[in-house]
Amino acid sequence: MMIATLEYVDILDRTDSVGQLIIESEVMKQYESACATLQNDSEAQRLIDDFNHIKEDYEEVQRFGRYHPDYSEIMKTVRSAKRKMDMNESVAAFKIAERNLQRLLDEISEIIAHSVSEEILVPKEGLALTDSGCSTGGCGSGGSCGCQAS
């Protein structure tokens, strides 16, 4: 039993070193830079705040769907606010950096999982972090969560 405990500690130590490599990577530096730029861009922050306020109205309308009297207007307003926000240079750069970091993390996860067994299901393209991902606790949905067996 002591060997299993020492092996476990060794595995955790090695994961710390992988984590440190990720933290020191160029992809992470680009992500941190884009995040700082976004946080310091007052126009981007205003657009994000505007979008978040409009999203609250959208969520209220969603409860009733197209039967809500303001459905069409809210849908147009949400799309317009999202487009304005997404077109902001700082927001766009952050989203690209975020996708690049997620892609790196996904690739690392896949390599680790498949080094153990090719049969291990691995979430693809950050799906574990979305509502449709594997964060629900299992993959009993026939693969609809985004997990794929290679």
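**Group meeting: a walk through the helices**

A113 is in contact with I120 and V122, leaving out residues up to four places away in sequence. A113 itself sits in helix 5. Is A113 buried or exposed? Its relative accessibility is 12%, so A113 counts as buried.

Before going on, please note that this is a predicted model. Every value I mention is computed from it.

Now the overall layout. The protein chain has 5 helices and 2 strands. Read from the N terminus, the order is α-α-α-α-α-β-β. The chain has 150 residues, and 25% of them are buried. Of the contacts with a separation of 6 or more, 53% are between residues 24 or more positions apart.

In general terms, nonpolar side chains in soluble globular proteins tend to be buried together. Here the largest nonpolar core has 19 residues, and Y31, L38, M85 and V91 touch the most other members. Which helices each supply at least two residues of this core? They are helix 2, helix 3, helix 4 and helix 5. Helix 3 gives the largest share, with 6 residues.

Setting aside residues up to four places away in sequence, L38 touches A44, Q45, I48, S90, V91 and F94.

The other one is Y31, which brings us to aromatic rings. How many aromatic pairs does a search of the whole structure find? The search finds 1. The ring centres of Y31 and F94 are 5.4 Å apart and the planes are at 40°, so this pair is tilted. Stacked would need planes under 30 degrees apart, and edge-to-face would need over 60. Y31 belongs to helix 2, residues 26–40, and F94 to helix 5, residues 89–116, so the pair ties together parts that are 63 residues apart in sequence. F94 has a relative accessible area of 13% and is buried.

On to helix packing. A pair of packed helices is described by the angle between the axes and the distance between them. I have two pairs to show.

Helix 2 contributes L38, Q39 and N40 to the contact, while helix 3 contributes S42, A44, Q45 and I48. By type, the residues of this contact are 3 nonpolar, 4 polar and no charged.

The second pair is helix 4 with helix 5. Again the angle is about 80° and the axes lie 5 Å apart. Helix 4 and helix 5 are therefore also roughly perpendicular. On the helix 4 side we have K82, M85, D86 and M87, which meet E89, V91, A92 and K95 of helix 5. This contact holds 4 nonpolar residues, no polar ones and 4 charged ones.

Last, the loop between helix 4 and helix 5, where N88 is located. N88 is buried, at a relative accessible area of 10%; the cut-off for buried is under 20%. What does N88 contact, leaving aside its neighbours within four places in sequence? The contacts are D41, E43, A44 and L47.

Note on methods:
Residues are numbered from 1 along each chain as its sequence is written. This is a predicted model: local features need pLDDT of at least 70, side-chain atom pairs count only at pLDDT 80 or more; totals for chains, interfaces and linings use all residues. Side-chain values use heavy atoms; hydrogens and water are left out. Rings of Phe, Tyr and Trp (its six-membered ring) pair if their centres lie within 6.5 Å; planes under 30 degrees apart count as stacked, over 60 as edge-to-face and the rest as tilted. Helices (H or I, at least four residues) and strands (E, at least two) are DSSP runs, numbered from the N terminus. Buried means under 20% relative accessible area, exposed over 50%, partly exposed in between (1.4 Å probe, protein chains only). A nonpolar core is a set of buried Ala, Val, Leu, Ile, Met, Phe, Trp, Tyr and Cys residues joined through side-chain atoms within 4.5 Å. Contact means heavy atoms within 4.5 Å. Axes are lines fitted to C-alpha atoms, for helices over the stretch in contact, and angles run from 0 to 180 degrees between N-to-C directions. Angles under 35 degrees count as roughly parallel, over 145 as roughly antiparallel, 65 to 115 as roughly perpendicular and the rest as oblique. Ala, Val, Leu, Ile, Met, Phe, Trp, Tyr, Cys and Pro count as nonpolar, Asp, Glu, Lys and Arg as charged, and the others, Gly among them, as polar.
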